[in-house]
Amino acid sequence: MTAGYLTIKQLTEAVGGDITPRMVRHYHQIGLLPSAVRSHSNYRLYTEADVLRLRRIVALKQQGFQLSHIHKLLQTETGNSDELMAQLQKQYRAIVQQLTNLRQTASALEGLLGRDRSCQIIQADAIAQLRLLEVETQDSMGQLAKLWDNLDAATHAHPESFEESLQQLLPDLSGRSEIEIYLLSQLVLACGDVSLVQFVRVGEGAIASSRHALKTNCQVVADVPPVLAALDKTRLAHLKCPVETLINDPHISTAAEAEREFWHHQQWQEKLEQLTPGCILVVGYAPSVLMSACTAIEQKQLQPALIIGMPIGFSHAPAAKRRLIRSGVPFITTEGTLGGGLLAAVALNALVESLIEKPDCHCYLG
């Protein structure tokens with residue numbers, strides 16, 4: 001073997017991340033990796049620069065970038081950033097359209113699969129009609145609308161059994177504890193989006209820490225009044241847990257207002273740093289509150305038992321959530337831009353309810 005060079009197998013071993021020789025050859029074909037030096041036996045040979053480039057590709061792919069995005073990013077490292085941003089924005093819009101199409105498909109499937117037992121009586125008949133459906137003219141599209149009307153007719157006769165519907169739609173959660181499954185189910189019911197399950201992150205020890213804190217009458221702090229209003233104060237009172245608002249301004253109704261208020265008034269930052277050790281902090285609006293909480297944790301000024309971090313935002317919020325995951329404190333969060341005050345409150349309410357209903361449950365320790 002030529003000195004100083006790596007074989008394709010050695011390259012993949014050096015990079016790691018489940019990269020395979022087949023993937024490397026594919027990256028060559030699409031131009032993501034430059035042509036490799038060849039040995040006398042016509043084998044590809046690689047340098048340390050190739051290792052670094054492939055590690056960069058793997059890292060970007062793990063962050064969610066598609067290969068076409070990565071190609072453009074690496075192509076324009078020293079080029080026109082405005083042109084790159086325009087290209088990425090165009091691809092983003094195309095992806096959003098794909099998500100819209102997939103959401104429409106999911107809605108149609110949910111219309112069939114997400115039926116409780118009472119509605120399933122006519123489900124088989126509806127599927128049979130879909131198989132035989134003939135749509136030859138625009139007028140015949142009315143047949144499809146009529147089919148859905150017939151399928152929906154059963155919904156008028158009884159209240160929906162959400163638990164039965166969820167059983168048909170939720171992914172396999174057999175590896176999760178009973179309390180975590182209940183938490184995830186409540187979050188899905190709060191927003192109507194089953195795919196949310198894939199974006200919820202429950203930190204190690206978060207359920208145990210929250211149950212201990214709630215049992216010992218911990219302080220519960222919401223970032224803004226609308227989040228506080230959504231908390232189950234009756235059950236929290238039963239547990240003798242005091243509740244309060246961090247940014248105590250009754251006029252706040254949006255994330256933008258919460259962000260401005262927190263930034264412009266030092267008193268809220270000082271109040272955050274003075275929260276009782278072992279408290280539970282519920283952040284559903286302002287990314288800066290979560291970011292500042294992480295800073296206070298790093299500086300040993302804040303020691304919460306749990307942070308539920310689900311602020312709203314498109315750049316600061318994802319950054320704050322990533323920082324929360326790395327903070328070392330027990331957490332419950334949602335990746336990316338997903339979140340909001342209602343989801344944050346629902347997460348805490350689910351923990352509170354499960355504690356009261358099953359105080360001796362230890363399934364989360366398994």
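Student: In which sense do E3 and strand E8 (residues 331-334) pair?

Tutor: Happy to start there: E3 and E8 share three bridges, and strands count as paired if DSSP finds at least two bridges between them. Strands (E, at least two residues) and helices (H or I, at least four) are DSSP runs numbered from the N terminus. In E8, valine 200 has threonine 334 as its bridge partner, while arginine 201 is bridged to threonine 333. The sense in which E3 and E8 pair is antiparallel.

Student: What kind of model is this?

Tutor: Residues are numbered from 1 along each chain as its sequence is written, and side-chain values use heavy atoms, with hydrogens and water left out. Local features need pLDDT of at least 70, side-chain atom pairs count only at pLDDT 80 or more, and totals for chains, interfaces and linings use all residues, since when you look at this structure you are looking at a predicted model.

Student: Which strands stand at the edges of the sheet?

Tutor: Six strands form an open sheet of mixed pairing, in the order E3-E8-E7-E6-E4-E5. From one strand to the next, the twist averages 15 degrees. Two strands have a single partner each, so one side of each lacks a neighbour in the sheet; these are E3 (200-202) and E5 (243-245).

Student: How do E7 and E8 run, parallel or antiparallel?

Tutor: Three bridges join E7 to E8. Isoleucine 308, for instance, has isoleucine 332 of E8 as its bridge partner. The two strands run parallel.

Student: Which residues point the other way from Phe331 and Thr333 in E8?

Tutor: The four residues of E8 named here are buried (under 20% relative accessible area; over 50% is exposed and in between is partly exposed, with a 1.4 Å probe and protein chains only). Phe331 and Thr333 point one way, and the other way point Ile332 and Thr334.

Student: At what angle does helix H16 (residues 316-326) run to E8?

Tutor: H16 lies across E3, E7 (306-309) and E8. Angles here run from 0 to 180 degrees between N-to-C directions, with axes fitted to C-alpha atoms, for helices over the stretch in contact. For H16 and E8, that angle is about 150 degrees.

Student: How are H4 and H5 oriented to each other, roughly parallel or roughly antiparallel?

Tutor: H4 (residues 67-75) and H5 (residues 81-113) pack with their axes 10 Å apart, at about 175 degrees. Their contact (heavy atoms within 4.5 Å) is made by Ser68, His69, Lys72 and Leu73 of H4 and by Leu84, Gln87, Leu88, Gln91 and Ile95 of H5. Under 35 degrees counts as roughly parallel, 65 to 115 as roughly perpendicular, over 145 as roughly antiparallel and the rest as oblique. H4 and H5 are therefore roughly antiparallel.

Student: What is the relative accessible area of histidine 69?

Tutor: Histidine 69 sits in helix H4. Apart from its neighbours within four places in sequence, histidine 69 is in contact with Leu88, Gln91 and Ile95. This histidine is buried, its relative accessible area being 9%.

Student: How wide an arc do the buried residues of H1 cover around the axis?

Tutor: In H1 (residues 8-15), the buried residues are Ile8, Leu11, Thr12 and Val15, with Lys9 and Glu13 exposed on the other side. What covers the buried residues includes helix H2 (21-29), E2 and helix H3 (48-62).

Student: What is the phi of asparagine 217?

Tutor: Most residues other than glycine have a negative phi. Asparagine 217, in the loop between helix H10 (206-215) and strand E4 (220-222), is partly exposed at 37% relative accessible area. Its phi is positive, near 60 degrees.
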